[in-house]
Amino acid sequence: MQDPTLAGKTLDRYFHVCAFFNSRDEEYGTLGQFYKEGLDWGEKALHIVNPALMDDHRTRLATAGIDVPHCEHEGQLQVLSWEDANLTSGAFDQDVMLRTVDDVLAVALEQSFTRSRIMGNMAWAFEGRPGSDQLIEYEVRVNEVLTRTRQPAICVYDTAKLTGTMMMDLLRAHPLTLVNGVLQENPFFTPPDQMLQQMRARRSAPAMASA
Amino acid sequence: MTEPPSVPLAHPGPASLATSTPEELQTCLRDLLSLVALPPLFRERGPGAVLTVMIEALEACLPVDFACIQVDPGAAPERVVRIQRGSVSPDAAEWQATIAACTSCDAPTIDTPVGTLRLAHAPLGYRGTRGRLVVASREGGFPTSTQLVLLHAAASLADAGLGTARVLAEREEALQAKDDFLAMLGHELRNPLAPIETALLLMQQRGDGTLERERLVIQRQVSHLGRLVDDLLDVSRVTRGRIDLKKAPIEIAQVVTHAIEMVAPLLDERRHALEVHVPQHGLTVDADPIRLAQVIANLLTNAAKYTEPGGQIMVRASGLAGEVVLEVRDSGMGISADLLPRVFDLFVQDRRSLERTNGGLGLGLAIARSLVTLHGGTIAARSDGRGRGSVFEVRLPVMSPDLAVVPGYGASPVRRELPRRAHAGLRVLIVDDNVDGAEMLATALSMNGCQTRVAHDGLGALRVFAEFKPTIALLDIGLPVMDGYELAGRLRALDAGGGLRLIAITGYGQDSDRQRARAAGFEAHLIKPVDFDALDRVLAGQATAAATKPA
């Protein structure tokens, strides 16, 4: 089985990518080939997107040369809204989401798909949704699932929405980053157990009272 | 564990890092690499946002309870403050004394409303000439040597990021100022062209042919000037990609035909022989027909200008590997090897050419490249050198031949003919502060049966309206004191539901101008010099309404 490629590089060691984009044109210009490659190879694709942009997403996939109706009809391509994937109860629950990822990958294997490629647009995390504060911890923990199953997953972020703290945490939580169309292994990737420890310590630091 | 020995606050040396544990060094290295990876992620942000991002990033690495970055670039100082990771507003009254003190404090601690905090700072720029980054923490032992490394790295990155953000902001301001200037220039240049064109058409209609040669010379030069003005207005928008293409499937042959019509007068003037090898069918592209014709016309114009009179020009189109390949080849002066890489850049011309009577502004090829790129295609130039002709090649993705092709398209060439239909019964008010323009337009419309009155400003128009009761008003937008938008509103109020139709005739032709005109109640927006065909259609609509109105 061939290794997947993204932005001209092969994914053979790490599979969890944090992708930063400045525009949707840039996003689809970079990821379109990744999506098409997987579908052309008979793999499964799961795309979790903004419900308001689902039609636009399908249009852009078609522009990338993907036969969207056929792939959806065959069950090869699944386009889900945030509400149907991340926010099923109206809030984000990292434990639920981790189980969902595991289940999706297992079901795809049962359906004889040799590989699943997951893409999640993460803009929901900046809309004040309940549970958004669990995002980074989820990103850290999902590494275990993706490393165990060796299935590629891309988390798509709009750089304009990110604070500096979030940029740092996202960079530390992903073994691969895609910035300015360049994919690279992340030398500042922090092992998940260490990252979780730091985050919990940060959360439990007492607030300062006025003197 | 004893505290590490105190270290100089400003410049930690290698000896101090030797006291750090391997784990601390590894974490420091990782955090340092993360900080260094940040600049590409905030490249689109303004100066203040860059500073905020860097402080937030530091909060992810250091036990920061208070941070302030102050930049002092002379006339425009900037300061970003974060207190307790953003949970306290920087405007909180109790923190103002701390904020004021921190930017000049060199002591290792600082008093704050939440107690005494340990302080560290790093300079921005050489010897701190550009400002200072200050961080305070309640943590004992702060700052360690590795923490100081991160602080200095953040200061350095903030300084560099700020410089870049400022340069980009200034460049954007300059580009906008240039766009505004070009738009105003285009508007001002279009105004005198309008009455000249109308006068020429009247001369043609009335003349006995004795001054026909001179009239044709003026007509050609006015057309040329009009194209230069259009290029000036286009160049800024097109090269920045700020143009909406109205794409539709179209045969390349139709576009080539249109382009040749646009350039025909120049080809005739220079007595060039033109060969066209373009299949009528089977080469369909998804393109804006007007803009693609502009590309081909620009290439043909260049070929015509840079080929000695009586030369050969060929246009050929073919399909190849999923692309339409269109070539414009000439037998002209060619392009030197040093000019060839720059030939599509703005304002580049072969300055050694002796033939400069139709020199132009050096915009045509830059516009062509931008338009082709916007269409998802490529454009390239080839030449064997000076005196050996040139070949310009445009490649565009071909569309499936199964798609319905728009038969012809709305972009018929602008016809410089007077209105042909009789418009008896129309009462037309023309308002333009360009006296010649208004008078010429009134004369042209009168010759086709319209009753006309002219005014040269808003107040004059309101007086004429009251007495003349026009059914249609042609308004310039750039009127003195009361602009066309305001005048439209006041005429509409005076008309009180009488059915007055408002048409804008203006040198402002951007999409925003059209939208504004529509919002102001204009039903049509015509660009000077007026396309009389378009004006004719507007008037005909009015004539139809007048004919069906009950007596």
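Buried area is the accessible area, taken with a 1.4 Å probe, that two parts lose on being put together, summed over both. By that definition, about 2300 Å² is buried between chain A and chain B, in a model that is predicted. Carbon and sulfur atoms give 58% of this buried area.

**Interface of chain A and chain B**
- The contact involves 31 residues of chain A and 28 residues of chain B.
- The rule finds 1 salt bridge across this interface.
- Arg172(A) and Asp31(B) form a salt bridge, and their closest N and O atoms lie 2.8 Å apart.

**The side of chain A that touches chain B**
- Helix H7 (164-173) and helix H8 (192-204) of chain A each supply at least two residues of this side.
- H7(A) provides the largest share, with 7 residues.
- Sorted by class, this side of chain A holds 16 nonpolar, 10 polar and 5 charged residues.

**Chain B**
- Chain B has 551 residues, and 49% of them are buried.
- Its secondary structure consists of 14 helices and 17 strands.
- Among the contacts in chain B with a separation of 6 or more, 69% are between residues 24 or more positions apart.

Notes: Residues numbered from 1 in each chain as written. Chains lettered and ligands numbered in written order. Predicted model: local features only at pLDDT ≥ 70, side-chain atom pairs only at ≥ 80, totals over all residues. Heavy atoms only, no water. Helix = DSSP H or I, 4+ residues; strand = E, 2+ residues; numbered from the N terminus. Buried < 20%, exposed > 50% of the residue type's maximum accessible area, 1.4 Å probe, protein only. Contact = heavy atoms within 4.5 Å. Salt bridge = Lys/Arg side-chain N within 4 Å of Asp/Glu carboxyl O. Nonpolar A, V, L, I, M, F, W, Y, C, P; charged D, E, K, R; others polar.
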